[in-house]
Amino acid sequence: MCGRPDQSLATAVPVSDFDIQLHLLLEGVFLKYQHDFRNYSRSSLRRRVQQAMDHFGCTTVSGLQDKVLNDAELFSRMLQFFTVQHSEMFRDPQHFRLLAEEVLPMLATYPSIKIWVAGCSNGEEVWSLAILLHEQNLLERSVIYATDINAQALRTAESGIYASNRIAQFSTSYLEAGGRRSLSDYYHAAYDKAVFDRSMRRHMVFADHSLATDNVFSEVHLVSCRNVLIYFDRRLQDRALRLFRESLVPRGYLSLGSKESLAFSAHVDAFAPLHTEQRIYQLRA
Amino acid sequence: MERLKIVVIGASAGGVDALITLLRELPASFHLPIMLVLHVPPDQPSLLSQVLAFHCELQFVEAQDKQPLQAGWVYCAPPGCHMMVEPDGQDAYVSLNVDPPVNLSRPSIDLLFESAAHAYGQGVLAVMLSGASDDGAAGMRTVFALGGQGWAQAADEAAVATMPQAALAHNPRCKEMPLRGMVAQLLAVRQAMPLEMTA
Ligand SMILES: C[S@@+](CC[C@H](N)C(=O)[O-])C[C@H]1O[C@@H](n2cnc3c(N)ncnc32)[C@H](O)[C@@H]1O
């Protein structure tokens with residue numbers, strides 16, 4: 001999936017030397033690798049670029065730019081600094097409980113169910129949703145599209161393999177989210193890993209897709225895009241929300257992260273809050 | 001001082017009293033936005049904005065991601081969450097994230113100060129109040145490096161002087177001031193503003 005950047009996305013004028021060089025780095029990365037970070041929140045990016053500079057032994061952003069533009073392999077490592085991969089299964093359990101209790105029963109009224117997890121990272125959210133769907137006998141007629149720009153994260157997501165030392169926390173959250181069985185019914189342990197049930201994998205489609213440059217690819221009933229929009233500036237957030245609007249069926253659902261909100265977006269009026277505290281919205285018909 | 005565009009404040013232990021003393025003297029029509037990081041326990045809802053609103057004329061809000069900044073408003077960092085400022089042409093808005101703590105703190109005063117410095121350069125006034133860590137000292141260095149100014153609460157007045165002292169130690173140009181002095185200066189800038197700018 002590859003598209004053209006939005007011409008309408010413009011950035012603020014940089015003030016500091018650091019920001020001027022950051023601006024140039026992001027332009028360079030876009031021209032050379034077609035990864036578009038130009039409309040990411042600068043305040044969040046600066047720290048991560050600083051960490052990349054420390055890691056690659058650069059004293060200036062321009063120095064980092066020089067390395068990155070001349071070394072494709074180094075760019076793929078820098079991508080790990082540019083994106084934040086933290087995730088958990090059933091992260092914010094109350095959010096997943098609401099999805100299970102109020103949203104999935106509505107989705108059950110469709111003959112087939114399509115869900116888009118945008119910015120799926122290592123897939124914890126995808127496998128969590130698959131489990132909830134399974135427990136309501138909906139997984140058999142569901143497809144979950146799981147997209148991200150980080151190829152390494154997508155590979156992990158697809159494997160459904162997580163370190164066993166994370167499982168205790170996942171299990172607690174699963175139960176808090178209203179899970180009806182034991183999380184251990186869904187994975188088998190192999191050395192220090194937990195390998196999730198491959199049969200669920202048949203209902204997942206993983207794809208490289210950027211909310212900054214790509215377009216809508218399917219009609220869906222639920223978009224879950226959690227803890228992604230906070231890293232975008234307002235214009236890019238609005239672009240992503242436009243894609244969700246175009247993708248959702250009338251009265252389709254949108255779920256966001258706990259620190260995200262539609263309140264200050266151009267699309268606020270297109271959605272009705274289903275649960276403001278848990279950031280679950282419904283597209284107005 | 002005439003070029004000021006934003007006031008950013010950091011506080012920790014003993015900070016609430018200092019905040020009340022400082023902010024209750026500013027009028028509802030104060031001409032700048034104020035952003036405030038107070039270290040609070042991450043898992044409880046914070047009553048900070050309500051407590052301050054009770055004592056002050058300014059308007060207080062627990063900041064939300066992408067909320068536009070307005071004069072006369074005080075934006076408080078939510079518990080367990082970094083708060084920064086994101087420039088947007090002539091305007092600016094709040095940016096939140098849940099990246100790991102910086103220097104053991106989330107919200108981090110350093111991150112707020114740095115983001116303001118990059119967004120506003122000379123237009124920043126960074127204020128360090130009572131507190132027991134050294135969060136904010138490095139951020140204030142960035143504020144000075146990009147042309148802004150910094151004040152630290154006078155040691156004999158701060159309930160816990162570690163934080164203002166650290167800011168002073170790392171920033172030779174940081175001014176040590178009692179809260180009364182800060183209030184007087186902030187009100188004086190306002191007085192000196194040409195009329196159309198205070199409107
Ligand atoms: C913090 S993780 C969120 C993971 C998961 N949704 C959750 O809430 O736990 C953010 C993810 O967004 C992805 N991302 C960043 N920019 C993106 C873009 N332009 N398009 C799609 N995904 C993006 C990152 O690669 C990362 O995997």
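How many residues of chain B are in contact with chain A? Select both chains to find out: 28 residues of chain B touch 27 residues of chain A, where contact means heavy atoms within 4.5 Å.

Before going on, note that this is a predicted model, where local features need pLDDT of at least 70 and side-chain atom pairs count only at pLDDT 80 or more, while totals for chains, interfaces and linings use all residues. Residues are numbered from 1 along each chain as its sequence is written, chains are lettered from A in the order written, and side-chain values use heavy atoms, leaving out hydrogens and water.

Now look at the whole interface. Its buried area (the accessible area, 1.4 Å probe, that two parts lose on being put together, summed over both) is about 2200 Å², with 52% from carbon and sulfur atoms. Next, pick B:Lys66, B:Glu86 and B:His118, which supply 28% of the area that chain B buries against chain A, more than any other three residues.

Zoom in on A:Arg48 and B:Asp99. They form a salt bridge (a side-chain nitrogen of Lys or Arg within 4 Å of a carboxyl oxygen of Asp or Glu), with the closest N and O atoms 2.5 Å apart. The two chains share 4 salt bridges.

Last stop: A:Thr147, in strand S2 (residues 142-148) of chain A; strands are DSSP runs (E, at least two residues), numbered from the N terminus. Is A:Thr147 buried or exposed? A:Thr147 is buried, at 2% relative accessible area; buried means under 20%, exposed over 50% and partly exposed in between (1.4 Å probe, protein chains only). Show A:Trp116 and A:Phe217 too: both are among the contacts of A:Thr147.

Definitions and conventions: Helices (H or I, at least four residues) and strands (E, at least two) are DSSP runs, numbered from the N terminus. Lists of a residue's contacts leave out its neighbours within four places in sequence.
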